[in-house]
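Subject: Handing over the structure

Hi there,

I am passing a structure over to you, and I hope you enjoy looking through it. Please open it below and keep it beside you while you read.

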Amino acid sequence: MPRSTARTLSPPRQTTLAFLTALAFLILGTLLARAEDKVIRIGYQKYGTLVLLKGKGLLEKKLAPLGYRVSWAEFPSGPPLLEALNAGAIDLGSAGEAPPIFGQANNPDFLYVAHEPAAPLGEAILVAKDSPIKTVADLRGKKIALNKGSNVHYFLVEALAKAGVPYEAVTPVFLAPGDAVAAFSRGAVDAWVIWDPFLASGERATGARTLVNGTDIVPNRQFYLSTRPFSDANKEALDTTLAAIGEIDAWAKDNTDAVAGELAPAIGIPAPILTIALKRLTYGVTPLDAAVIADQQKVADTFHRLGLLPKPITVSDAVRKSGS
């Protein structure tokens, strides 16, 4: 029989080829896994700049050249959003003044990355149109609905203090906005502390009277929040995201009717009512300065004094430094 001319590899060469092949697949698999890992997970609420950013698809376009994709998760309010951030389920989100205080207390890696200007008109204490309650001082001994740990929680504390009423002199009834409006409408509570757009909607739906808003009581800022590990590992992506938020903010400022039209279907609040809320907002995304940090420290100190915060915190420890 003729001898075969096919070449066979010796065992050492076969081993080397198998090793190189396996190594190539390992490297490819690692690169693919890393590509899959390049994602920024954003938590948002039904109302605000982030939901507009999601709807327009702007962030996806901005981050694509950097190799990132975006995933979105909706939350009913700031406290559960911050719980998700601290649990590592999202990388970036926004909330009002109070939730970040509890977020920092529970997570040493918690990080403020930016804020929007004060909007004190965007939260208020509502009472029924025919309520005998005429001033904040009249809330003594009354039942007040609010979302626990939210921005309006701090607002209530400060409004009572300004009126000379101890926080312990009222009965807080902790309810999410949907449950709170129902309780308020049927008279199960005497007052309701709420933020826009639920404020604007509640005013229209119930005929409620505004007892007081945040003016000269609290600033009512919106903060953008992340974690130190994410910020350190994804600086360019985070900066790009904040720039995109600023771009949407700049557009929204001069297009409130258009914004209301875009948000109305998702929120379930008519556009004309949303327009009222949007005109009470302020716009622009900037790093935290000394004044903003001082205001947040006051929130932290207040909650600790009342026993609502388990330990004192230093807000400046959790602020993203310029250029980092």
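Here is what was found in it, going from the whole chain to single residues.

**Before you start**

This is a predicted model, so local features are taken from residues with pLDDT of at least 70 and side-chain atom pairs from pLDDT 80 or more, while totals for chains, interfaces and linings use all residues. Residues are numbered from 1 along each chain as its sequence is written, and side-chain values use heavy atoms, with hydrogens and water left out.

**The whole chain**

The average pLDDT (the predictor's confidence in each residue, from 0 to 100) is 88 for the protein chain, and 88% of the residues score at least 70. Please take care with residues 1-35: pLDDT stays under 50 there, and the model has three contacts for them beyond four places in sequence. Contact here means heavy atoms within 4.5 Å. Where pLDDT is low, the predicted coordinates should not be read in detail.

The protein chain has 13 helices and 10 strands. Of its 324 residues, 46% count as buried; buried is under 20% relative accessible area, exposed is over 50%, and partly exposed is in between (1.4 Å probe, protein chains only). Of the contacts with a separation of 6 or more, 79% are between residues 24 or more positions apart.

**Helix α13**

Helix α13 covers residues 290-305, and its end C-alpha atoms are 22 Å apart, in agreement with the 22 Å that its 16 residues should span at 1.5 Å a residue. That expected span is 1.5 Å times one less than the number of residues. At the start of α13, a side-chain oxygen of D289 comes to within 3.2 Å of the backbone nitrogen of A291. Just after the helix, G307 has a positive phi of about 80 degrees.

The buried residues of α13 are V292, I293, Q296, Q297, V299, A300, T302 and F303. What covers them includes α5 (98-106), β4 (110-116), α6 (151-162) and β10 (222-227). As background, an α-helix has 3.6 residues a turn, so residues three or four places apart point the same way.

**Helices α12 and α8**

Helix α12 (residues 271-278) has I273, L274, T275, A277 and L278 buried, and its cover includes α8 and α11 (256-267). Take L274 as an example: its relative accessible area is 0%, and among the residues it touches are Y47, P197, A260 and L263. L274 and P197 are 77 residues apart along the chain, yet their C-alpha atoms are separated by 6.2 Å.

In α8 itself (residues 198-206) you will find G202, which is buried with a relative accessible area of 1%. Leaving aside residues up to four places away in sequence, G202 touches W192, G207 and A208.

Most residues other than glycine have a negative phi, and most peptide bonds are trans. Which of them is buried and which is exposed? D216 counts as exposed at 69% relative accessibility, whereas N220 counts as buried at 10%.

The side chain of N220 makes a polar contact (a pair of N or O atoms within 3.5 Å; within protein, one must be able to donate a hydrogen and the other to accept it, and residues adjacent in sequence count only if both atoms are side-chain atoms) with the side chain of N151, at 3.0 Å. N151 is found in α6 and is buried, with a relative accessible area of 10%.

**The largest pocket**

The largest pocket is lined by 42 residues, of which Q45, Y47, W195, D196 and Q222 lie nearest its centre. Helix α2 gives the most to this lining, with three residues.

Enjoy exploring!

Best wishes

Methods. Helix = DSSP H or I, 4+ residues; strand = E, 2+ residues; numbered from the N terminus. 1 Å grid on protein atoms, 1.4 Å probe; cavity = no way out; pocket = protein on both sides within 12 Å on 5 of 7 lines; lining within 4 Å.
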